[in-house]
Amino acid sequence: MDDVVSPFKKIGLIINPVAGLGGRVGLKGSDGEQIQKQALSLGAQPYAQDRAKETLALLFPFRDRFSLISAAATMGEFAAKEIGFEPEIIPLKSYPKTTAQDTIEVAQKMLLEGVDLILFAGGDGTARDIYQAIQNKIPVVGIPAGVKIFSAVFAYSPKSAGLLVRDFITRNKMLFQEAEIIDLDEDSYRNGVIATKLYGFMKIPFYPHLIQNQKIPSQEPDSYQIEAIAQSVIEDMDGETIYALGPGTIPNYIGKLLGFEKTLVGIDLVKNKALIAKDVNEQKLLEVIKNNTLKIIITPTGGQGFLFGRGNQPFSPRVLEKVSKKDIIVVSLISKINGLRGKPLRVDTGDAQIDQKLCGYISVITGYRDKIVYRVMS
Amino acid sequence: MIEVIQPKPKLRRFHQARWDEPIIFELSQPGQRGVIPPAVEEGIKNRVGDVLQTLPKNLRRSIPPQLPELSQIHVLRHYVRLSQENLGVDLNIDVGQGTCTMKYSPKVNDQLSRSTKIQDLHPLQDENSVQGILEIMYRLEEIFKEISGMDRFTLQPGAGSAAIYTNVAMIRAYHAYHGNSQRDEVITTIFSHPSNAACAKTAGYKVITLYPDENGYPDLDALKEAVSERTAALLITNPEDTGIFNPQIDQFVKVVHEAGGLCSYDQANANGILGITRARDAGFDLCHFNLHKTFSTPHGCGGPAAGVCGVTNELAPFLPVPTVEFDGKKYYFDYDRPLSIGKVRPFYGVAQNLLKAYAWIMSLGGDGLREVAEIAVLNNNYLMKKILEIPGVSIPYSLDNPRIEQIRYSWEQLSEDTGVHSEEIGYRAADFGTHYWTSHHPYIVPEPMTLEPTESYSKEDLDEYAAIIKNIVEEAYRDADFIHGAPYNSTVHRIHQESFDDPQSWAVTWRAYKRKSGQTK
């Protein structure tokens, strides 16, 4: 019964102790020392510890099946010990002062220590730091504890983060999916402008309630599905239209099939099945629309299902105003759609009228000559 | 005085037979024989000569077939043992196979189909000599016309999915005939039986799938987004696999008709609606029934199945050939149907199954069929009440719409509380000698379980099934690891399903097994 016994796992724990500080006192983010001081002076209480403890408590009954390696002091050690764990500790350089640099260094250390998965509590800034340290080398699970949670690496709640890691520990195989690391430009946000940026992708375990327990093939099942979707899109391409390939695994694969390496987090233009411009901005898109039909190929963000307004900012209201809804080609793995758990796809372009135009129902290409019709809300 | 027999425990202490039975090829002993025919007499041999030499050369084997060599008792013992290692519909409370629970099929109907009057028929006999079975086919078509409201039927398809494929083929032929071959899209719903999407795809259509809203069925606006001048048809099940009946079904049909598409009603499982709603009354152009599901004949995996397709007069010219007709004196086959899609199965369908379905329907009559649906719905709602008393379970989507003949439940809460997944409940259910099923893939409902009691399980059966599930859930809350290790009393413990997705690990013949396992070239 080798299915039942899973190999012993090593889990890394990092808590951003100042995550979420800003939000509670209306500062819209906690990045930067100045803001953190300001937040504390306004009476903010760090709550990342409590969120992380909620997750750790779910893992405690399984403590003999994995080893925990944690950042020192407020960055994980205290919370883990309060729950009853006796983790291996990675020291911090300049404690009691903790900075983003500590997150990066600890995550790098964990990678060297052969950790199987990093569990972290924080917000989009923390996710970015960890991405900077480990790229996409090992899977992560984010405990949502920050003010800004736009990235798809976060579980729905501390509890669901615990359930994901629990399954990672107790199962011998899991499916993984690529999840976006998205962060807001906090300076613009405080001035009332939402400007998000896509930084890259990390692996997260797939929500297990939606997969049959043992039916996990040796090959990533999504890989041929991605190719099927990409082929279907290419098959329908005509020679006149210019296609803007947004960020994401599937648009990147379309680039691959057309023979070029797509800009990972940017937008590339294709005509006649060939690359005509790389990493374009809003200005370039507006120029293109003047004299051409532009079709936009996008994929929703993981977990939250945003079509526009998260990480693909060049598709601005001014661009979308001139693109007909039928010229927006949405592509997605069906697992991502089912991961929305019945919640609609979302748009948040920053322009209510444009959002309204995109709301209703939209087709999503989910396989070769396979589409679904799904609801969109703002 | 003899001892009073003590009552049996509420939950059976089931234990399945385990024989470690080898594959029949491994039992083979050179020279063993089940039957040794007498030698040919000298006179006959002289008269006939070498029979093999009279066969065409390309029909003769140069090497004898590698068949297992066994005596009769070894063959008999082998298959009886295998049957004991199995879980059959005659053995367990099979309500865990929602969407396709097998009802009880009265044995008298089996006896009828085994009568020499049908067993000795040959499909190539002259139609004058098979008037009896042709009359049954003709009458069966008349019955299905009444049940569905459709104008004509074919009884030819060999199973439910074959019937859906037949409907798709007729849809394609209809549009081609009317010069509308640009209609290359078929619309279905995520909770319709997956064969609808699969058959459409197999026939070359693009498939558009609608997702439900919080009511559990798609919004009419979702359908409006999907229809266009490309729409060939809507293929839809109702009630869907959730047990929810789409009350706007006539509106769905209207929207598709206005776009120029056809509508095909998947009534594979008509158990909740027999005698209550009819496909034609909702405006459908085509429909199909699985005789094995609703009309008490064997399931495809347990013998040959049968499916039947109904159409309106507009689509009747495209029906498979032959149809069975009656000229007032005589029943006959009509092959003269120039627009027909052709044959979908050799000859005229699975005659034994058609006979069984006919016998089952005639034993119930019209009122009886309606009672079947009423009891099936009542049973389902009774079982729902029992299941909802168990912790950790829920029913997704609004309960404002009553559930009809089946329900897709969710064990998400149980899974969050204990780490036990729905599929593992099934492993443990095997320890009580019963069957359990989750749902089709992909899972839309998290940690799904689909139960369908049909009309033929008693209140006591449903109580026992609910008690088994309740017991397993209590075990899960008490000791999740115990469930992770199940089953304990079953022949086979766990199957490595990974290999199902890897053609390199498939071996459907002994020869392929020998080759793929490296024992032969």
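Modeller: What follows is a set of questions on the terms, each answered from the model.

Modeller: This is a predicted model, in which local features need pLDDT of at least 70 and side-chain atom pairs count only at pLDDT 80 or more, while totals for chains, interfaces and linings use all residues. Residues are numbered from 1 along each chain as its sequence is written, and chains are lettered from A and ligands numbered from 1 in the order in which they are written.

Colleague: Why are H13(B) and H16(B) called roughly parallel to each other?

Modeller: Helix H13 (residues 351-388) and helix H16 (residues 459-478) of chain B pack at about 30 degrees, with axes 10 Å apart. Axes are lines fitted to C-alpha atoms, for helices over the stretch in contact, and angles run from 0 to 180 degrees between N-to-C directions. Angles under 35 degrees count as roughly parallel, over 145 as roughly antiparallel, 65 to 115 as roughly perpendicular and the rest as oblique. H13(B) and H16(B) are therefore roughly parallel. Their crossing is right-handed; that term applies if the near helix is turned clockwise from the far one by less than a right angle, and left-handed if anticlockwise.

Colleague: What makes H5(A) oblique to H6(A)?

Modeller: Helix H5 (residues 100-112) and helix H6 (residues 124-134) of chain A pack at about 40 degrees, their axes being 8 Å apart. That angle makes H5(A) oblique to H6(A). Here too the crossing is right-handed. The helices themselves are DSSP runs (H or I, at least four residues; strands are E, at least two), numbered from the N terminus.

Colleague: Which residues of H13(B) and H16(B) meet?

Modeller: In H13(B), B:Asn379, B:Tyr382, B:Leu383, B:Lys386 and B:Ile387 meet B:Lys459, B:Leu462, B:Asp463, B:Ala466 and B:Ile469 of H16(B). Two residues are in contact if their C-beta atoms, placed from the backbone, lie within 7 Å. By class, this contact has six nonpolar, one polar and three charged residues. Ala, Val, Leu, Ile, Met, Phe, Trp, Tyr, Cys and Pro count as nonpolar, Asp, Glu, Lys and Arg as charged, and the others, Gly among them, as polar.

Colleague: How do you know that the radius of gyration of chain B agrees with that of a compact globule?

Modeller: The radius is taken over C-alpha atoms, and the globule rule is 2.2 Å times the number of residues to the power 0.38. For 521 residues a compact globule would have a value near 24 Å, and chain B has 26 Å, which agrees. The C-alpha trace of chain B spans about 85 × 70 × 60 Å along its principal axes, and its secondary structure comes to 18 helices and eleven strands.
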